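Hi,

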Amino acid sequence: MSCSRRDFLKQSVAGAVAAAAVPTVCTVIFLEPGEAEAAVEGKKLRWTFLVDTEKCVGCGLCVQACKTENEIPYDAPVSRTWVERYVVTKDGETHIDSPIQGRDGYTSPEIRGEVIDPEDIEKAFFVPKLCNQCDNPPCVQVCPVGATFQTEDGVVLVDRDWCIGCGYCVMACPYGVRFFHPVTKTAEKCTFCYHRITEGKQAACVQACPFEARRMGNLGDPDDPVTKIIMTERVQVLKDEYGTKPSVFYLGLDERVR
Amino acid sequence: MKNHVLRPLWLALGLIAAVLIARHFMVPDDFGVHGDSFTYNFYRLGAVKYWEDFPAKYQGRERCGKCHDENAETIAASKHSIIQCENCHGPGVGHPKTVKQLPVNGSRELCLRCHEYLAYPSSLRSQLPGIDGNTHKPNKECRKCHDPHQPDLEG
């Protein structure tokens, strides 16, 4: 194989130009959460979710609605969304539980078989959880067959006909939101109620919540009330250090919530 | 070259061709990169349609109010106006055409989801009117005395 000096130089220059072009393309895709609005400029629709933990009373109506709406067997110990209870006692201990994912609400002060004296409680609160619809979803990266993906409007979905049930995504998710559907035997996760939001309805959990602890909006629209809150108030995401860039933002999150 | 060298070569090429032909027929036409990123947007376009076409169950209180306007008005004027009809009455899909009667949940447990008093400072829960479910008329349905549509009025 021979290569003239002229050809070698030509190919080197072409290679350098191509290498320089790659990072320019990549920077369009992932940005810091704070720059979310800038990142979606030009895109019309980017679904986002706002959880106000100050408003949640732990009634569990969201879990009930989610399981019914999305045909998750009602008595199976799995759910696309769930509510956690945190009770912090004065000795600094944190008691956490989520019996049957909070589906039947919190109707007893008993937590993991223990009744804590109200005098000993420093603070206690409820935290609803669901899929964070990450901008940088680890569950999608690990799928070996392309059965899970991110739609153009930022929702991560599972292709039930294509999923082989290997469970890599279940292990990859740092938030533990994925599970196997007991009937279809494929990977299952929150879809932001894709069938409802694309028709202009509210997600089932958002509609069911009496206290507006759950809200949905469009990050692509600066006039959207939820987007305004995310941009102007002190919101947090879960496990920011993982670099997953969640689309679910929390108001009033405590450091004990993981 | 000798035949015994070429024979495995043809076999290997034949196998590769067979895999490529099988792949051509087995992978759906709409499978590919639909978006900016191969990592995140490599999928079957039909899967998006599947989730868009998933049947909705909850209809929302506006639809309930179209026929049950009297109940809708009563509850809208009460403290329970923030609660969706379907949270207690069940999802309204198919009603009234195929599902004549919705399975209303009038259980004590449903009310206690909010009204079991939990002494949780820093949570809205402790500010809701609440009872101790173990001592306040145990095992009796709340709606025997309280009207869930007009919770202000005590029976």
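Below is what turned up, starting with conventions.

This is a predicted model: local features need pLDDT of at least 70, side-chain atom pairs count only at pLDDT 80 or more, and totals for chains, interfaces and linings use all residues. Residues are numbered from 1 along each chain as its sequence is written, chains are lettered from A and ligands numbered from 1 in the order in which they are written, and side-chain values use heavy atoms, leaving out hydrogens and water.

Now the interface. Chain A brings 65 residues to the contact and chain B 45 residues. About 4500 Å² is buried between them (accessible area, 1.4 Å probe, that two parts lose on being put together, summed over both), with 59% from carbon and sulfur atoms. W162(A), H195(A) and Q207(A) supply 12% of the area that chain A buries against chain B, more than any other three residues. Four salt bridges (a side-chain nitrogen of Lys or Arg within 4 Å of a carboxyl oxygen of Asp or Glu) cross the interface. K57(B) pairs with E71(A) in a salt bridge, with the closest N and O atoms 3.0 Å apart.

Best wishes

Notes
Contact = heavy atoms within 4.5 Å.
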